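Colleague: I am new to this structure and would like to go through it step by step. Please show it first, and then I will ask.

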Amino acid sequence: MPNLKVKKGNPFALFPLLVFVLLFIGTGIITKDFSNMPLNVAILIAAAIALMMNRKEKLSSKVETFTKGAGHPNIILMAVIFILAGAFSAVARGMGAVESTVNLGLSLLPTNLLMVGLFVIGCFISISMGTSMGTVVALAPIGIGIASQTGIPLALAMATVIGGAMFGDNLSMISDTTIAAVRTQNIKMKDKFKVNFLIVLPGAIVTAIVLGIITRGNVASLGGDYPYELFKILPYIAVFVAALLGAHVLVVLLGGTLFAGIIGMIDGSYSFGGFLQLVAEGIISMEDLAIIAILIGGVVEIIKYNGGIDYLLYVITSKIKSKKGADFGIAGLVSMANIATANNTISIIITGPLAKSIADEYEIDPRKSASLLDMFASSWQGILPYGGQMLAAAGLAAISPVSIIPYSFYPVLIGICGVVAILIGYPKFRQTDKSVEKIVVSPIEDK
């Protein structure tokens, strides 16, 4: 077995995360009501426990570590996205954008294809925006509207939105996860895209088929026509176009909020003062999620400092015995890191260097290791009840994130596709050799 230098770490450092999960999910299972243990209370208890651990360190030092993680750029960006998403959602809803968009969909599509259409749109938007969070906050209001006017469960609609969002998060050229995966494995983005696309496409197709089947026969609650006004749909169109042009998610949300507000004031849906009130209400509605994201970031940083992440890496790498075992090792590494951090980008950044070492030692094609990192991180991120995407969708829909998990078909299928690819070998394709800039044939399935 190749000699991979990994710190043994400290399994007890994971205790705060275990407490958090048990408090949130365990209470819900016991009481049959997941609202009995609010997420913010559960993570606050976990944070207090994390700060009490490692008595050798001064409290001031531990607090500094906590605030360092809570203030990580990715965490703060997520918090800002949350509150801007709330503003955009409230302003768009106030001027009738959601109702018009939903009714347009009801008018153009058979009821049993509404979820299929929502999923496909989510895939298209997320691969253009490069962010699953931006896609969730843009499409969740539409999914909520569709669910409210049909017999489709609200949790299914939110799971559909998240599934489409994770499709692009895994594949987009401008996605943070893609950038992190290709940089840590030292390959070209388009080569990683080729591998990922061929593997996850079957999962997307199966998801669309399943959505079509399980929503077949739903009857819209509206009678007669589905009235809509095209100009009220313009904010969503503007968001989509901005995404296609590669605009930053913050620009997309700010621009969408202002555009929706202007239309609402011209239309008479609300005054300037009413617009400001809706912005404030939208921000307040998402403040709780922003605080949860910040607290999770702090807890994860303490877990990392105390050796919890190192322990996960040590356990996974100690089990590697073969080339396929190395493939599963890389998948397991990023999976465990993602479960611990609830952030697919951070999990790839943490495990990427070690995955590169494993790939080099076992002669695994770097395109394959990059693909594994991104696929399994995206898979777990799409089903974690305390992940940002799930929290955002659940917050906007005012439902428990746990209720969404049973309908999370696409994230689960990503993982299944990844396992199948490891077992039967990856497809052949042409790679751009970056040293001589020419095309060479390079199969990457296991020898």
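Colleague: Does lysine 192 count as buried or exposed, and at what relative accessibility?

Modeller: This is a predicted model, in which local features need pLDDT of at least 70 and side-chain atom pairs count only at pLDDT 80 or more, while totals for chains, interfaces and linings use all residues. Residues are numbered from 1 along each chain as its sequence is written, and side-chain values use heavy atoms, with hydrogens and water left out. Buried means under 20% relative accessible area, exposed over 50%, and partly exposed in between (1.4 Å probe, protein chains only). Lysine 192 therefore counts as buried, at a relative accessibility of 0%.

Colleague: Which residue does the side chain of lysine 192 meet in a salt bridge?

Modeller: Side chains of opposite charge can pair when their charged atoms come close. A salt bridge here is a side-chain nitrogen of Lys or Arg within 4 Å of a carboxyl oxygen of Asp or Glu. At 2.4 Å, N to O, the partner of lysine 192 is aspartate 374.

Colleague: How many residues apart in sequence are the parts that this pair ties together?

Modeller: Helices (H or I, at least four residues) and strands (E, at least two) are DSSP runs, numbered from the N terminus. Aspartate 374 is also buried, at 0% relative accessibility. Lysine 192 lies in helix α10 (residues 189–214) and aspartate 374 in helix α17 (residues 366–381), so the parts tied together are 182 residues apart in sequence.

Colleague: Which lysine forms a salt bridge with aspartate 327?

Modeller: The closest N and O atoms of this pair are 2.9 Å apart, and the partner of aspartate 327 is lysine 368. Aspartate 327 lies in helix α15 (residues 323–341) and its partner in helix α17, so the pair ties together parts 41 residues apart in sequence. Aspartate 327 is buried at a relative accessible area of 0%. Also buried, at 1%, is lysine 368.

Colleague: Which backbone oxygen does the side chain of lysine 232 reach?

Modeller: A contact means heavy atoms within 4.5 Å. Not counting residues up to four places away in sequence, lysine 232 touches Met95, Gly96, Ala97, Ser100, Asp267 and Ser269. Its side chain reaches, at 3.3 Å, the backbone oxygen of methionine 95.

Colleague: What does isoleucine 404 touch?

Modeller: Isoleucine 404 is one of the core residues that touch the most other members. Leaving out residues up to four places away in sequence, its contacts are Ala155, Met158, Ala159, Ile162, Met390, Ala393, Ala394 and Ile399.

Colleague: How far apart in space are glycine 418 and methionine 375?

Modeller: Glycine 418 is found in helix α19 (residues 409–424) and is buried, with a relative accessible area of 0%. Not counting residues up to four places away in sequence, glycine 418 touches Ile199, Met375 and Phe376. Glycine 418 and methionine 375 are 43 residues apart in sequence, and their C-alpha to C-alpha distance in space is 6.8 Å.

Colleague: How many disulfides does a search of the whole structure find?

Modeller: Cysteine 123 is buried, with a relative accessible area of 9%, and cysteine 417 is buried at 15%. A disulfide is a pair of cysteine sulfur atoms within 2.5 Å. The number found in the whole structure is 0.

Colleague: What percentage of the residues in the chain is buried?

Modeller: The secondary structure of the chain comes to 19 helices and 2 strands. Among contacts between residues at least 6 apart in sequence, 79% join residues at least 24 apart. Of the 447 residues in the chain, the buried share is 56%.

Definitions and conventions
A nonpolar core is a set of buried Ala, Val, Leu, Ile, Met, Phe, Trp, Tyr and Cys residues joined through side-chain atoms within 4.5 Å. A polar contact is a pair of N or O atoms within 3.5 Å; within protein, one must be able to donate a hydrogen and the other to accept it, and residues adjacent in sequence count only if both atoms are side-chain atoms.
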